[in-house]
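Subject: Structure for you to look over

Hello,

Here is the structure I said I would pass on. Please open it and keep it beside this note.

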Amino acid sequence: MSMLAGLDAEARRLANTSISDLIRQDPARASDFALRCGGLYANFARQRYDRTALDALFAIAERADLVGAMRRLLDGAIVNPSEGRAALHSALRGDNSTSQVAIGARAQAVDAQARMRALIEQLEASDVTDIVSVGIGGSDLGPRLMVDALALHDARFKVHFISNVDGNAAQRVLAGLDPERSAAIVISKTFGTQETLLNGGIVREWLSNDERLYAVSTNAERVAAFGVPPERTLPMWDWVGGRYSLWSAVGFPIALALGMDRFLELLDGAAAMDAHAANAAPRDNIAILHALTAVWNRNALHAATQAVLPYDDRLKLLPAYLQQLVMESLGKSVRIEGDAVEVDTVPVWWGGAGTDTQHSFFQALHQGTQVVPADFIGVLQADHPHAQNHAALLANLLAQTEALANGQGSDDPHRRYPGNRPSTLFLLDALTPRSLGMLVALYEHSVYLQSVLWGINAFDQFGVELGKQVASRLLPALEGEGEADDAVTKVLLREFSQRR
Ligand code: F6P
């Protein structure tokens with residue numbers, strides 16, 4: 001029987017009870033369903049469960065041994081059995097384990113941080129003003145998010161990113177830069193990723209000084225063959241997954257943009273969340289409640305998508321970052337043992353920053369036929385002088401969560417708002433390296449705990465391989481050598497060759 005048995009009965013019991021009813025019947029939930037970890041507050045009162053349904057969810061957490069699962073993760077157990085690997089991203093940012101494996105990993109991480117600091121000091125002493133970071137997926141999205149969210153206006157370096165194999169990406173970034181005043185970092189765990197090798201080659205040609213080319217990878221041989229010597233290569237390890245790697249030397253662009261000390265604050269924030277997720281009792285544990293809520297919305301309420309809505313312009317890349325973290329981790333349909341998962345796994349994650357998105361897709365959130373659970377994220381302290389804007393931003397944040405939950409009746413069906421649309425509200429006291437480290441680590445742990453509840457492996461991603469294999473088979477055909485096998489692709493290739 002599924003680990004999640006019993007949830008359907010809870011959902012049926014609550015089918016005719018709206019969020020407004022739940023709050024009317026139990027007003028104390030407004031504050032009781034709120035948890036805190038340092039400067040991060042989370043309020044789950046507008047989810048569509050009551051205390052009895054929550055008891056059922058926490059019973060599932062106990063049966064699934066989420067507490068033990070967190071410990072195994074931090075201790076470096078093989079949580080990725082299809083590849084025989086641990087997932088020790090927590091060892092990159094703190095000492096939250098006494099296991100020898102985690103202590104060994106931590107020592108390697110600290111050593112790499114010292115090397116990173118030395119390389120940054122060398123660059124700071126040079127006339128370099130701009131850094132070009134080349135990578136994709138986990139070797140791009142985390143650094144891109146953190147630099148966009150946290151870099152200060154007067155930062156020593158401006159950091160630019162190239163990821164897409166579309167040559168326009170390199171063209172547009174490099175057009176605005178002076179190769180004499182630039183350095184570049186090629187980041188790839190495998191150093192075998194087509195996009196990164198092509199873009200890395202473009203940047204290597206473009207740089208006027210080879211000595212300003214750096215690399216981050218697990219594969220020192222491929223890096224050397226590409227032309228970067230060991231003294232300018234920072235390490236990666238197979239115990240860090242790509243999408244969990246911004247805390248490693250993959251974060252070199254972050255450390256350049258923020259300064260090494262602020263990079264370490266980011267790691268400290270994540271380490272504080274590691275400690276919370278591992279040690280807080282389940283009912284006080286934001287990672288556990290967030291994971292249980294995700295499973296409730298997916299498997300009891302059958303929501304097909306999940307929105308993430310940061311109300312802070314600096315977090316506008318967070319949805320793109322979370323799409324990889326969540327969907328590459330949880331987009332699985334077989335369990336760890338290889339048999340089919342009996343329930344739905346990851347919904348489609350999507351979103352964008354408020355208030356802009358209120359004027360694009362919020363219509364569908366309020367009146368569309370699909371209920372979309374949402375995570376709203378607000379930041380209480382403004383880091384700008386525009387107090388009226390900040391008050392308006394926060395008013396909109398509060399208004400949307402309230403309107404989605406409560407709706408509004410009307411005699412005119414076009415003007416009726418059904419409400420009963422669940423959301424979780426996160427509030428950060430301020431947007432700092434520490435608080436953002438905490439928030440991102442929270443999502444990492446929630447994702448892992450969801451994988452435990454579904455019995456799937458959160459740390460492999462074989463689903464991305466087939467497309468890569470077919471593309472490499474088709475590349476010669478596209479260049480006029482050989483034919484495709486597939487009938488439709490054959491027609492399309494003829495179309496390409498006639499019109500290119
Ligand atoms: O998209 C597939 C993937 O393997 C991601 O998991 C990874 O983050 C990305 O490609 C980049 O891989 P690499 O760092 O090896 O270039």
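Below is what was found in it, part by part.

First, a caution. This is a predicted model.

**The parallel sheet**

Start with the open sheet of five strands. Its order is β4-β3-β5-β6-β7, and the pairing is parallel. The edges are β4 (158-162) and β7 (233-235), each of which pairs on one side only. On average, neighbouring strands here are turned by 20° against each other, direction ignored.

Two helices pack on this sheet. Helix α6 (residues 100-124) touches β5, β6 (213-217) and β7. The direction of α6 makes about 155° with that of β7. Helix α9 (residues 194-206) touches β3, β4, β5 and β6. The direction of α9 makes about 155° with that of β3.

Now look at β5. Strand β3 (residues 130-134) is joined to β5 (residues 182-187) by five bridges, and the two run parallel. Asp 130 has Ser 182 of β5 as its bridge partner. Val 134 stands opposite Val 186 in β5. On to β6: four bridges join β5 to that strand, again in parallel. Val 186 has Ala 215 of β6 as its bridge partner.

Is β5 buried or exposed? Six of its six residues are buried. Both faces are covered. Ser 182, Ala 184 and Val 186 lie on one side. Ala 183, Ile 185 and Ile 187 lie on the other.

The loop between β5 and α9 holds Phe 191. Its phi is near 55°, a positive value in a residue other than glycine. Phe 191 has 26 C-beta neighbours inside 10 Å, so it counts as buried.

**The ligand**

Which residues come nearest to the ligand? Of the 14 around it, they are Gly 137, Gly 138, Ser 188, Thr 193 and Gly 242. The shell divides into two nonpolar, nine polar and three charged residues.

**The mixed sheet**

Another open sheet has six strands. The order is β1-β2-β11-β10-β8-β9, with mixed pairing. β1 (34-37) and β9 stand at the edges. Each has a single partner strand, so one side of each is left without a neighbour in the sheet. The twist averages 20° from one strand to the next.

β8 and β9 pair in the parallel sense over four bridges. Ala 307 has Trp 350 of β9 as its bridge partner. Helix α13 (residues 286-300) lies across β1, β2 (40-43), β8 and β11 (423-428). α13 runs at about 140° to β1.

His 302 sits in the loop between α13 and β8. Phi of His 302 is near 60°, a positive value in a residue other than glycine. With 13 C-beta neighbours inside 10 Å, His 302 counts as partly exposed.

**The annotated positions**

UniProt has an unreviewed entry with an "active site" annotation. That annotation covers Glu 328, His 359 and Lys 468.

Where is His 359? It lies in the loop between β9 (348-351) and α15 (362-367). His 359 has 9 C-beta neighbours inside 10 Å, so it counts as exposed. Thr 355 is in the loop between β9 and α15 too. A cis peptide bond joins Gly 354 and Thr 355, with omega about 10°.

Lys 468 is in helix α18 (residues 465-478). Lys 468 has 12 C-beta neighbours inside 10 Å, so it counts as exposed.

**Lys 316**

Lys 316 is in the loop between β8 (305-311) and α14 (318-330). With 18 C-beta neighbours inside 10 Å, Lys 316 counts as partly exposed. Neighbours within four places in sequence aside, Lys 316 is in contact with Pro 310, Gly 352 and Ala 353. Leu 264 is 52 residues from Lys 316 in sequence and 23 Å from it in space, C-alpha to C-alpha.

Best wishes

Conventions
Residues numbered from 1 in each chain as written. Predicted model: local features only at pLDDT ≥ 70, side-chain atom pairs only at ≥ 80, totals over all residues. Near = placed C-beta within 6 Å. Nonpolar A, V, L, I, M, F, W, Y, C, P; charged D, E, K, R; others polar. Pairing = 2+ DSSP bridges. Axes fitted to C-alpha atoms, helices over the stretch in contact; angles between N-to-C directions. Contact = placed C-beta atoms within 7 Å. UniProt positions renumbered as here; feature names shortened; annotations may be inferred. Buried ≥ 20, exposed ≤ 12 C-beta atoms within 10 Å, placed from the backbone.
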